[in-house]
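Please walk through the structure shown here, one part at a time. The paragraphs below go from helix packing to the sheets and then to single residues.

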Amino acid sequence: MLDDIWVDDAVAALRPDFTVLAMTALGLRNGPTDDRSRAWLAEAAEAARPVQDAKIDAWKDAYRAFGAKPQRTRPSVDALTRRLPLPEINLVVDAYNSVSVRHALPIGGEDLDRYSGPARLVRATGDEASEEALGQPEPGEVIWRDDVGVTCRRWNWRQVVRTRLTEETTNAIFLLERLEPMTLEELKEAGEELADLLTRLTPEVRITTRLVSSGK
């Protein structure tokens with residue numbers, strides 16, 4: 001999967017500064033929120049950046065560029081930062097949510113075994129298969145998708161249920177999505193932090209990462 005992830009040229013034209021750090025974590029042991037992940041969430045909430053942070057503003061601008069209204073469908077990190085204290089979901093989701101808030105960085109986490117074909121970031125045609133609760137993407141909307149259909153609408157607004165991380169997930173993919181003014185150095189640092197938390201949860205986890213830029 002990791003080698004086959006790609007970002008369409010149409011997204012590159014929209015935001016040439018976009019880079020995603022893709023990470024696979026194989027052999028995870030997930031489970032319900034515990035004192036460890038609860039502490040990660042609390043520490044992240046305490047250090048949370050204000051909702052008007054320049055990194056979050058960059059994502060609002062990106063949403064406007066393809067016609068979305070970020071006050072109605074907020075970028076994931078903007079919505080998460082407004083939900084303090086942070087919600088407790090499960091160990092792995094708590095881990096990546098804490099990193100997301102700490103760095104004002106959208107992160108998607110999904111069950112790798114529920115993918116069909118590689119993840120790719122494209123502009124929608126409007127006829128992609130999508131879960132009813134998520135609604136149909138609009139033409140030109142930026143979406144993550146696989147061979148089956150939409151996996152996340154409006155770039156990082158909302159993920160489908162099909163690939164959701166559950167307590168039974170053992171193999172996961174994470175998409176850490178960067179726009180300027182975040183530097184590539186901070187993106188890599190966030191990836192290292194997430195890898196460290198996942199390793200604390202599962203010392204034998206096998207983690208691989210790849211940077212994917214627009215148009216590649």
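In this predicted model, helix α2 meets helix α5 through R36, S37, W40, L41 and A44 on the α2 side and through L91, D94, A95, N97, S98, V101 and R102 on the α5 side. Helix α2 covers residues 35–46 and α5 covers residues 91–103. Two packed helices are described by the angle between their axes and the distance between the axes. Here the axes come within 9 Å and cross at roughly 15 degrees. Angles under 35 degrees count as roughly parallel, and α2 and α5 are therefore roughly parallel to each other. Their crossing is left-handed.

Helix α5 also packs against α6. In this contact, L91, V92, A95, Y96, S98, V99, R102 and H103 of α5 meet E186, E189, A190, E193, L194, L197, L198 and L201 of α6. The axes of α5 and α6 come within 10 Å and cross at roughly 155 degrees. That angle makes α5 roughly antiparallel to α6. The crossing of α5 and α6 is right-handed.

Next come the sheets. One of the bridge pairs is L26 with N171 in β8.

A second open sheet has 5 strands in the order β1-β4-β5-β6-β7, and its pairing is mixed. Its edge strands are β1 and β7 (158–159), each of which pairs on one side only. Strand β1 (residues 6–7) runs parallel to β4 (residues 120–123), and 2 bridges join them. Strand β4 runs antiparallel to β5 (residues 142–145), with 4 bridges between them. Strands β5 and β6 (residues 150–153) are also antiparallel, over 2 bridges.

A chain of partners can be followed across this sheet. W6 stands opposite R120 in β4. R120 in turn has R145 in β5 as its bridge partner, and R145 is partnered by V150 in β6.

The loop between β6 and β7 holds W155. Is W155 buried or exposed? Its relative accessibility is 0%, so W155 counts as buried. Most residues other than glycine have a negative phi, and most peptide bonds are trans. W155 has a positive phi, near 70 degrees.

A104 likewise has a positive phi, of about 50 degrees, although it is not a glycine. A104 is found in the loop between α5 and β3 and is buried, with a relative accessible area of 3%. L105 lies in the loop between α5 and β3 as well, and L105 counts as buried at 0% relative accessibility. Leaving aside neighbours within four places in sequence, L105 is in contact with V77, S100, L176, E177, R178, M182, L187 and A190. The C-alpha atoms of L105 and V77 are separated by 6.2 Å, though the two residues are 28 residues apart along the chain.

Two peptide bonds are cis. One joins L84 and P85, with omega about -5 degrees, and P85 is in the loop between α4 (76–81) and α5. The other runs from E180 to P181, with omega near 20 degrees, and P181 is in the loop between β8 and α6.

The loop between α6 (184–201) and β9 (206–213) contains T202. T202 is buried, with a relative accessible area of 0%. Apart from neighbours within four places in sequence, T202 is in contact with G27, L28 and R29.

Finally, the unreviewed UniProt entry places the feature "domain: B3/B4 tRNA-binding" at residues 57–203. Over residues 57–203 the chain is 31% helix and 18% strand, and the end C-alpha atoms are 36 Å apart.

Notes:
Residues are numbered from 1 along each chain as its sequence is written. This is a predicted model: local features need pLDDT of at least 70, side-chain atom pairs count only at pLDDT 80 or more; totals for chains, interfaces and linings use all residues. Side-chain values use heavy atoms; hydrogens and water are left out. Buried means under 20% relative accessible area, exposed over 50%, partly exposed in between (1.4 Å probe, protein chains only). Contact means heavy atoms within 4.5 Å. Two strands pair if DSSP finds at least two bridges between them. UniProt positions are given in the numbering used here, feature names are shortened, and annotations may be inferred rather than shown by experiment. Axes are lines fitted to C-alpha atoms, for helices over the stretch in contact, and angles run from 0 to 180 degrees between N-to-C directions. Angles under 35 degrees count as roughly parallel, over 145 as roughly antiparallel, 65 to 115 as roughly perpendicular and the rest as oblique. A crossing is left-handed if the near helix is turned anticlockwise from the far one by less than a right angle, and right-handed if clockwise.
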